[in-house]
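Open the model in your viewer and keep the sequence panel beside it. Each stop below says what to select and what to look for.

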Amino acid sequence: MRSWSCILLMILASGASAREVIVGSKVFTESVILAELATQLLDAKGIDAVHRRELGGTSVLWSGLLRGDIDCYPEYTGTLRGEVFAGEGVQSDEQLRDTLAQAGVWASGSLGFDNTYVLGMRKDVAKRLSIARTSDLAKHPELRFGFSNEFMRRADGWPGLKRAYGLPQTDVRGMQHDLAYRALASGAIDVTDLYATDAEIVHYDLLALPDDRGFFPNYDSIFICRASVADDVKQTLQVLEDSIDAQTMAALNAQAKLDRLDERYIAQRFAAERFNVVTSAGLDTRMSRIWQRTREHLGMVAVSLMAAILIAVPLGIAAFRNRNVARVAFAIADVLQTVPALALLVFLIPWLGIGYGPAIVALFLYSVLPILRNTHAGLADIGRDLRESAEALGLSAAAQLRHIELPLAARSIIAGIRTAAVINIGTATLGALIGAGGYGQPILAGIRLDDLGLILEGAIPAALLALLTQGLFGALERRVVKAK
Amino acid sequence: MPDAATTALIGPSGCGKSTLLKLATGLVWPSSGSVSVDGQRLTAENIRSIRHRIGYVIQSGGLFPHLTVKDNVTLAARHLRRDRAWIESRIGELLELVQLPEELLDRYPSELSGGQRQRVSLMRALMLDPEVLLLDEPLAALDPMVRFGLQDDLKNLFARLRKSVLLVTHDLAEAAFFSDRIVLMHEGRIAQQGSYRDLIERPANEFVRAFLRAQRVTPDA
């Protein structure tokens with residue numbers, strides 16, 4: 001299985017040349033903008049670089065980096081300390097740098113902002129009460145606090161903050177993050193928790209109160225790369241050090257989230273303004289984007305479905321002939337089907353890396369059960385009369401299978417393939433989470449940016465493809481059963 | 001079974017009539033003992049060649065719905081790579097024998113009447129010119145009028161074929177119509193065999209008497 005998927009991976013990855021620098025990003029706006037910025041700067045330096053966007057969360061990016069699927073990606077020191085090296089007692093930045101070096105990873109210095117929790121309030125309210133930093137809050141016990149539910153629970157959230165600053169407020173409640181912003185804007189609450197670079201800070205014109213007692217852990221933004229990348233790559237990324245402060249980052253995030261600008265365009269504009277570097281954003285038209293996604297999507301679906309047919313139909317025949325085979329095959333296929341798609345993708349990453357490989361293997365595994373079941377059911381449903389008639393004619397087992405059993409089961413088998421294909425087309429949208437592209441890419445970006453147009457750019461072609469597939473297989477089924 | 005004559009196998013449901021036919025064709029294997037056909041013991045190795053020497057027709061006809069009449073009839077011959085010209089001429093003979101028009105050859109089983117289906121099924125069974133013909137209630141599913149006509153045709157056909165025919169039925173009148181050698185089975189064993197007269201006039205035991213009563217025939221019928 002492994003060598004098989006490796007071959008597939010090689011075929012599919014053959015487009016990427018060995019020398020180009022692959023910059024990855026996580027599934028959120030800030031990460032995409034930073035990675036885009038890095039890619040464009042590398043490109044402007046004449047270094048061949050590509051941006052593989054929105055690959056997933058920290059675990060996906062980190063393991064992708066270690067495996068060499070990607071060369072660099074933007075990360076936060078707090079995330080490395082608290083998630084990647086959790087429990088290893090990494091404290092200072094120097095310790096972190098050493099720990100990274102031991103893992104074969106190079107880190108840039110801080111890009112200039114610390115994307116940690118901060119408390120925020122409306123600027124006009126802050127001004128009226130002359131509050132400029134977090135410690136000033138202690139003088140205003142009447143303030144109403146509304147925090148995200150996670151912040152309320154975390155030890156390094158409200159409980160710790162309250163102790164560290166001796167905050168006296170009693171009107172403190174947990175609420176959903178988005179609601180908290182609206183409550184803040186309407187004056188229903190006075191203070192909420194934010195990330196230092198949230199686009200909403202710009203949108204609602206909020207004041208992010210400095211953490212003057214250093215309570216919150218540092219989430220300094222840095223770039224990390226495989227230590228083996230060329231020196232000019234490292235030097236180019238070091239240009240970004242101390243070049244973006246939290247307000248600037250929040251403004252860039254707001255351009256993507258609120259103004260709905262393409263991250264590539266945002267990065268291009270920033271590179272020109274800040275570094276005087278003219279970069280090529282490689283912006284493309286909607287049609288060419290859709291075409292590209294269609295190719296990626298069809299590639300995933302076709303390869304995984306074909307493999308599933310080649311495996312599941314013979315397996316269904318074997319299961320029909322032998323009860324023990326049936327028991328084992330169905331047990332395994334049933335269990336696989338119950339594994340959530342996301343979990344399956346994450347399981348596969350350590351073996352297959354990110355991108356097409358794990359996506360195709362996961363889709364293959366999901367496609368096996370419907371085809372296997374329908375092949376088995378189609379054969380088992382053939383009347384005893386017909387099976388005995390075929391046998392009594394003195395046909396060999398192979399001839400019975402070819403002339404009688406498979407044609408009679410064809411309708412059921414095709415129905416199984418049709419089910420698998422439609423499930424496959426839907427599930428393949430998750431491929432975007434691990435960098436396999438496809439229609440999931442605009443859907444993910446659309447959800448992240450709250451941009452319905454972008455969501456539809458993925459959702460409509462995906463739905464059309466599913467309908468088209470339904471129709472094609474339906475026609476095929478009718479042709480097969482013309483005589484019944 | 002006597003050569004070139006029709007034997008009627010009769011008995012109540014579950015007495016083992018059909019099972020006997022399935023044993024002879026190797027569709028079921030005995031849990032104890034062995035089956036011999038023409039002095040040859042049935043084994044997994046020789047079963048296919050023996051099947052080619054046996055024609056087998058079941059109550060539902062067992063025609064393959066996805067194949068035309070012609071493909072149904074010639075499937076085994078094509079599988080055995082018989083000469084094409086031989087197949088064509090054999091089809092002609094069989095059509096004449098079962099009295100079906102040639103146009104039917106390209107139809108699918110679902111486009112045929114019940115009687116036509118059984119005639120096609122008979123063609124298929126006879127295609128390889130078997131020595132023995134086993135018919136498992138071939139007429140039971142037909143309505144009385146069609147059945148009546150087909151009984152006549154079948155009897156004439158058996159007379160022309162001069163093959164050994166074993167016909168399973170649960171209808172004593174039908175058995176008597178086809179054969180003067182009737183085998184009455186009960187719980188897997190032969191209860192009595194003989195002509196219709198023998199059975200009615202000299203029932204061998206209480207079961208035979210009860211079976212005859214259930215058929216609503218009286219000794220003076």
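**Before you start**

This is a predicted model, in which local features need pLDDT of at least 70, side-chain atom pairs count only at pLDDT 80 or more, and totals for chains, interfaces and linings use all residues. Residues are numbered from 1 along each chain as its sequence is written, while chains are lettered from A and ligands numbered from 1 in the order in which they are written.

**Stop 1: colour chain A by confidence**

The pLDDT is the predictor's confidence in each residue, from 0 to 100. Chain A has a mean of 87, and 94% of its residues reach 70 or more. Helices (H or I, at least four residues) and strands (E, at least two) are DSSP runs, numbered from the N terminus. Select strand E10 (residues 221-226) of chain A: confidence in the chain is highest here, at 96. Now select helix H1 (residues 2-13) of chain A, where it is lowest, at a mean of 46. Residues 1-18 of chain A have pLDDT below 50. Where pLDDT is low, the predicted coordinates should not be read in detail.

**Stop 2: a helix pair in chain A**

Select helix H14 (residues 286-321) and helix H17 (residues 356-380) of chain A. They pack at about 35 degrees, with axes 6 Å apart. Axes are lines fitted to C-alpha atoms, for helices over the stretch in contact, and angles run from 0 to 180 degrees between N-to-C directions. What classes of residue make up the contact of H14(A) with H17(A)? There are 23 nonpolar, five polar and no charged residues. Ala, Val, Leu, Ile, Met, Phe, Trp, Tyr, Cys and Pro count as nonpolar, Asp, Glu, Lys and Arg as charged, and the others, Gly among them, as polar.

**Stop 3: Leu352(A)**

Leu352(A) sits in helix H16 (residues 341-352) of chain A. This residue is buried, with 24 other C-beta atoms within 10 Å. The buried class needs 20 or more such atoms within 10 Å, exposed means 12 or fewer, and partly exposed lies in between; C-beta atoms are placed from the backbone.

**Stop 4: helix H20**

Select helix H20 (residues 440-449) of chain A. Seven of its ten residues are buried, among them Ile443(A) and Leu444(A). Their cover includes helix H2 (29-44), strand E2 (49-56) and H14 of chain A. Asp450(A) follows H20(A), and its phi is positive, near 55 degrees.

**Stop 5: where the chains meet**

Show both chains. The contact takes 17 residues from chain A and 17 residues from chain B. Residues are in contact if their C-beta atoms, placed from the backbone, lie within 7 Å. On the side of chain A, helix H18 (384-392) and helix H19 (397-427) each give two or more residues. H18(A) gives the most, with six.

**Stop 6: the sheet of chain B**

Six strands form an open, mixed sheet in the order E4-E5-E6-E1-E7-E8. Strands pair if DSSP finds at least two bridges between them. E4 (54-57) and E8 (189-194) of chain B each have a single partner strand, so one side of each lacks a neighbour in the sheet. Finish on strand E7 (residues 182-186) of chain B: five bridges join it to E8(B), antiparallel. Within this pair, Met185(B) has Ile190(B) as its bridge partner.

Note on methods
Contact = placed C-beta atoms within 7 Å.
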